[in-house]
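Here are a few friendly notes to read alongside the model. Take them one at a time, and keep the 3D view open as you go.

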Amino acid sequence: MTDIPAKASVASTSNGSVLLTLMKARTFIALIAVLIFFSIAAPNFLSAANLILMSKHVALNAFLAMGMTFVIITGGIDLSVGSIVGLCGMVAGYLVLNGIDLQVGYTIYFNVFEIALITLAVGILIGAVNGLLITRLNVAPFIATLGVLYVARGLALLSSDGRTFPNLVGKPDLGTTGFGFLGAGRLLGLPVSIWILVVVAVGAAYLAKYTPLGRHIFAVGGNERAARISGVRVNMVKMFVYMFSGFCAAVVGLIISSELMASHPATGESFELNAIAAAVLGGTSMSGGRGTIGGTIVGAFVIGILSDGLVMMGVSSFWQMVIKGLVIIVAVVVDQAQRRLQSRVTLMQMAKAG
Amino acid sequence: MTAATDHHVLLKLEDVSKVYSGTVAVKRANFEVRKGAVNVLVGENGAGKSTLMKIIAGVEQPTLGRILLEGEEVSFSSSGDAVNRGIGMVFQELNLFGNLSVAENIFATREITNRFRKIDSREQERRAAEFLERLQAGIRPDMLVEDLRIGQQQLVEIAKAVSLDARILIMDEPTSALSAAEVEILFKVIADLKARGVAIVYISHRLEELIRIGDYITVLRDGRITGQERMKNVDTQWIVRQMIGSDAKDFAKPDGHVPGEEIFRAEDICLPRVTGGLAVDHVSLSLRAGEILGIYGLMGAGRSELFDCIMGRHGHATGVIFIAGKKVRERDTTRRIRRGLALIPEDRQREGLVSILSVASNLTLASLSRFVRLFHISGAKEIQAVTQMVRELAIKVAGPAQEVSSLSGGNQQKVVIGKALLTGPKVLLMDEPSRGIDVGAKADVFRTMRKLSRDGLGILFATSDLDEVMALSDRIAVMSNGKLTGMFDRAEATEASLVAASALGHGPVPHMESHAHD
Ligand SMILES: Nc1ncnc2c1ncn2[C@@H]1O[C@H](COP(=O)(O)OP(=O)(O)OP(=O)(O)O)[C@@H](O)[C@H]1O
Ligand SMILES: [Mg+2]
């Protein structure tokens with residue numbers, strides 16, 4: 001009598017743990033699934049040229065999603081990243097074309113390296129504004145970054161009266177050439193933007209796992225009050241995550257204008273939503289305290305490959321939206337199911353053990 | 001008393017087991033709940049008491065075994081099911097909505113509505129006031145729960161459970177945050193319920209309480225029932241032996257070491273209350289290295305607020321503090337911790353723990369800089385410190401990576417204590433450190449306190465337990481109404497003098513009185 005249920009539970013346990021392992025790696029499996037699917041369904045999908053093109057697309061979203069991940073882990077949200085992308089692109093474009101007019105008959109022109117630094121500083125600064133609104137003035141993150149979303153987009157449009165800064169090749173005599181390197185350059189056969197992504201991602205993953213700041217980010221998201229009493233500088237942690245998010249957005253702004261060799265003020269509209277989607281797909285919990293950089297990057301790849309693959313298959317952009325939405329919902333549902341299954345499996349294992 | 005008549009068994013657990021990931025919390029337990037009696041359940045931290053009760057209250061489902069309610073097998077899939085069958089529970093960890101009023105909390109999910117399905121808050125508040133009145137809590141039903149002290153919140157929990165009018169009322173450590181006077185009132189309420197035939201299950205780590213009000217006692221150890229008796233046949237020694245399998249370790253005795261130089265001094269600490277008046281009223285005190293200074297007082301005497309001021313949690317507090325004779329200019333918690341202050345907060349859920357992180361991350365949260373070279377956390381060093389602390393405080397965990405929220409209440413408390421100790425403080429502020437920990441662990445914590453004081457730490461230790469404060473302190477300060485109303489050497493302190501000082505300047509609290517009578 002006691003034998004039979006025991007055996008049954010052994011069988012279902014091993015089934016359960018296989019299923020569990022599958023579910024834990026679900027984003028990865030989804031990634032492989034879309035890769036296999038499109039390599040069959042879309043001709044040329046696996047060609048080296050296409051893969052590199054796709055990873056350049058993915059990289060843009062992955063940058064934003066990494067910044068977003070840290071923000072979400074602290075329990076916040078950053079809606080302004082898309083606008084920061086646009087504004088930073090305009091800043092870079094403006095500096096390449098016009099330099100800074102000092103109003104006394106002189107105009108300073110910067111070289112490309114300096115332009116990149118200034119642009120990044122602008123992104124970080126806007127992030128700092130977000131952070132200050134949230135920490136000092138106690139504005140809810142959703143509202144603060146929504147406000148900044150509009151302000152930054154408005155500034156981007158104002159900077160050129162809504163026009164595009166075209167043809168950012170620069171002039172050799174002013175030393176402003178070479179802006180295209182970020183977007184078109186290659187190192188060891190891979191696009192520069194991919195290398196930057198690798199560096200930033202490794203840095204962010206390291207930060208999350210092995211530094212006190214990383215630990216504090218999770219603690220703030222888990223229980224802000226307890227974190228404060230434990231001596232965590234909650235405000236500094238929050239400032240950091242929004243500044244990092246601004247930095248990531250500035251990188252994206254630079255890369256896009258460099259790829260196009262032009263800056264358009266509407267660049268980056270609704271990018272924030274893609275970034276949130278990638279973070280959530282990668283297992284970041286919207287209620288804070290949970291998430292990984294690795295997961296987010298895989299999430300960004302799933303979304304990116306999905307949209308590029310569908311384009312190659314000629315699926316209409318309307319259907320693309322429907323499919324993307326469904327994938328996000330399914331991912332979160334599976335995430336919940338995994339949590340439930342996990343406790344059931346361990347339960348059965350324990351029961352078996354005695 | 002008609003103790004001779006056997007009480008009728010209302011609910012019975014048969015061979016119940018409960019398995020969580022990582023632990024078997026309850027193993028083949030048989031447990032009976034008798035009508036019109038107080039059924040006491042005791043056991044060490046993590047023995048499975050709360051789990052067993054959650055099974056009865058429908059919050060958890062048993063992995064194996066049966067529940068018989070008046071001889072009929074039942075299964076509850078949610079606590080709503082259990083409430084419908086007349087089973088109510090006061091949970092160990094508070095389950096209140098901070099953003100709602102006391103009355104709304106008491107009637108949550110059972111809102112009183114008028115003909116148009118509109119909530120009748122007037123009626124809710126009137127009824128809530130009745131229940132609160134019975135507990136003499138001095139809580140107005142329209143107060144927001146988040147504005148209440150933790151002890152008051154516990155009373156709201158109790159009022160909520162009592163208002164269910166349950167046949168079986170489970171109380172999981174209902175007194176852990178209550179003062180002696182409030183406990184007395186609760187006991188009256190319990191006696192009243194008992195007389196009306198309610199079956200009460202009572203869990204507590206305060207053994208004297210159990211002996212006083214219990215009729216039947218059941219002891220759990222490591223998820224198994226190790227003893228079941230009528231309370232009148234047993235004494236504290238028996239309970240402890242069944243619980244931990246050996247005799248109680250005695251409270252650590254004073255070891256006669258002499259306190260050294262002054263290590264901490266607070267001068268003229270004041271904290272204004274939002275509602276006017278002072279929560280901490282010109283408090284000055286000094287503490288020597290190796291000294292344990294007990295701060296006795298009733299709930300709301302301002303002890304926790306004083307600790308908060310010392311830790312720099314209130315920007316608008318005034319006064320100065322000195323550590324080892326040097327003025328502390330830093331005003332924020334982070335830098336005060338670095339200067340050698342550490343706080344063990346009273347409310348572990350809200351202020352002590354990051355519940356979704358692991359035991360290890362929680363333990364080292366306040367002391368990460370100790371394990372960091374440049375900016376890299378050395379995993380090996382961290383794990384070593386964690387393992388050592390887990391062993392030292394005998395924290396019952398499956399592994400350092402276990403989520404802290406899945407620990408038993410007492411073990412969570414130990415994690416909070418361990419976190420403060422890991423910062424290597426010079427001055428340790430302990431706010432009700434023994435809340436919810438079992439007799440064995442309490443002895444361990446007290447021994448740790450003695451050892452720390454021998455190593456030259458200064459310890460400020462707030463409690464509302466007279467025995468504790470008398471047994472442990474080198475000196476005893478008494479607070480009442482935000483003021484320091486007494487300072488005694490251990491030799492000269494008597495229970496009577498402490499109680500007298502703790503009631504000084506108290507009188508009836510004006511605004512609450514006026515409300516209770518209108
Ligand atoms: N959700 C959970 N997941 C995993 N383990 C759990 C969970 N809840 C409880 N446990 C484990 O079950 C055991 C019994 O816990 P329980 O809360 O019943 O103890 P307790 O007797 O109430 O202790 P205390 O006196 O400290 O409150 C503990 O070892 C605890 O770690
Ligand atoms: Mg418990």
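How many residue pairs are in polar contact between chain A and chain B?

1. Please keep in mind that this is a predicted model. Between chain A and chain B, 9 residue pairs are in polar contact, counting pairs with both residues at pLDDT 80 or more. On the chain A side, the elements that give two or more residues are helix H8 (192–210), helix H9 (212–222), helix H10 (224–229) and helix H14 (317–353). H9(A) gives the largest share, 6 residues. Sorted by class, this side of chain A has 12 nonpolar, 10 polar and 5 charged residues.

2. Now look at the whole interface. Here 27 residues of chain A are in contact with 35 residues of chain B. The area buried between the two chains is about 2500 Å², and carbon and sulfur atoms give 60% of that area.

3. Charged side chains meet here too: there are 4 salt bridges between chain A and chain B. One of them joins A:Arg225 and B:Glu351, at 2.7 Å from N to O.

4. Next, find the magnesium ion (ligand 2). B:Ser50, through OG, and B:Gln92, through OE1, coordinate this ion at 1.9 to 2.1 Å. The pair links distant parts of chain B, 42 residues apart: B:Ser50 lies in helix H1 (residues 49–56), while B:Gln92 lies in the loop between strand S6 (87–90) and helix H3 (102–106).

5. Are B:Ser50 and B:Gln92 buried or exposed? B:Ser50 counts as buried because its relative accessible area is 16%, under the 20% cut-off. B:Gln92 is also buried, with a relative accessible area of 11%.

Definitions and conventions:
Residues are numbered from 1 along each chain as its sequence is written. Chains are lettered from A and ligands numbered from 1 in the order in which they are written. This is a predicted model: local features need pLDDT of at least 70, side-chain atom pairs count only at pLDDT 80 or more; totals for chains, interfaces and linings use all residues. Side-chain values use heavy atoms; hydrogens and water are left out. Contact means heavy atoms within 4.5 Å. Buried area is the accessible area (1.4 Å probe) that two parts lose on being put together, summed over both. A polar contact is a pair of N or O atoms within 3.5 Å; within protein, one must be able to donate a hydrogen and the other to accept it, and residues adjacent in sequence count only if both atoms are side-chain atoms. Helices (H or I, at least four residues) and strands (E, at least two) are DSSP runs, numbered from the N terminus. Ala, Val, Leu, Ile, Met, Phe, Trp, Tyr, Cys and Pro count as nonpolar, Asp, Glu, Lys and Arg as charged, and the others, Gly among them, as polar. Donors are N, O and S atoms within 2.8 Å of the metal (3.2 Å for Na, K and Ca); water is not among the atoms, so sites may look incomplete. Buried means under 20% relative accessible area, exposed over 50%, partly exposed in between (1.4 Å probe, protein chains only).
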